[in-house]
Amino acid sequence: MNKFIHRFISSRPTTKTSAYLLNIQQNLGQSLRSYVQRFQDKSVQIPDPNKKVIIAAFTNGFIVEELNTEVHKKYLRTLRELWQKVEKGIQSENLNRINR
C-alpha cells in the first residue's frame, strides 16, 4: 500500500506558487531581455500569482547594476511600473551593446 501511495503522489503534477519565482536568478552574463523572458516563462505556470511576490522575486533575482539601483530608488507598487522600468533597462542594454 505504501508503494502505491508513494508512486501515486510522485506522479501527480505539483502546483507552483508565486514563491517558486524566488528561486529564479539572473545568470552572470545573461542579458536582461533573456532573464525577463525566462522569468515570464516560469511565471505563467503559476495559477493566480501574487503580484507583490512577483515584483519582489523579479527585483531580487536580477543583477543588472544600473537597473537594480533605479528599481530600488522607488518602491514599485504595480507590475506595470516594474515592466516599464525593465523595458527602459533593456533599451539601455541594447544601446550599450550597439555602441561597443
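Q: Where is Phe62 found in the chain?
A: Helices (H or I, at least four residues) and strands (E, at least two) are DSSP runs, numbered from the N terminus. Phe62 is found in the loop between H3 and helix H4, which covers residues 65-73. The model is a predicted one, in which local features need pLDDT of at least 70 and side-chain atom pairs count only at pLDDT 80 or more, while totals for chains, interfaces and linings use all residues. Residues are numbered from 1 along each chain as its sequence is written, and side-chain values use heavy atoms, with hydrogens and water left out.

Q: Is Phe62 buried or exposed?
A: Buried means under 20% relative accessible area, exposed over 50%, and partly exposed in between, with a 1.4 Å probe and protein chains only. Phe62 has 3% relative accessibility and therefore counts as buried.

Q: How many helices and strands does the protein have?
A: The protein has 5 helices and 0 strands. Read from the N terminus on, its elements run α-α-α-α-α. Of its 100 residues, 28% count as buried.

Q: Which residues of H2 are buried?
A: They are Leu32, Tyr35, Val36, Phe39 and Ser43. These residues cover an arc of only 100 degrees around the axis, which puts them on the same side of H2. The arc is that of the directions from the helix axis to the C-beta atoms.

Q: How do H2 and H3 meet?
A: Axes are lines fitted to C-alpha atoms, for helices over the stretch in contact, and angles run from 0 to 180 degrees between N-to-C directions. The axes of H2 and H3 come within 11 Å and cross at roughly 145 degrees. Leu32, Tyr35, Val36 and Phe39 in H2 meet Ile54, Ala57, Phe58 and Gly61 in H3.

Q: Which residues have the most contacts inside the largest nonpolar core?
A: A nonpolar core is a set of buried Ala, Val, Leu, Ile, Met, Phe, Trp, Tyr and Cys residues joined through side-chain atoms within 4.5 Å. The largest one has 17 residues, and those with the most contacts inside it are Leu21, Leu32, Tyr35, Phe39, Phe58, Leu82 and Val86. H2, helix H3 (51-61) and helix H5 (79-99) each supply at least two residues of this core.

Q: Which residues of H5 are buried?
A: In H5, the buried residues are Leu79, Leu82, Val86, Gly89, Ile90 and Glu93. Seen down the axis of H5, they fall within an arc of 105 degrees, so they line one face of the helix. The face turned away from this buried side carries the exposed residues Arg80, Lys88, Leu95, Ile98 and Asn99.

Q: What does Asn27 touch?
A: Not counting residues up to four places away in sequence, Asn27 touches Arg38 and Ile63. Asn27 has its place in the loop between helix H1 (2-11) and H2, and it is partly exposed, with a relative accessible area of 44%.

Methods: Contact means heavy atoms within 4.5 Å.
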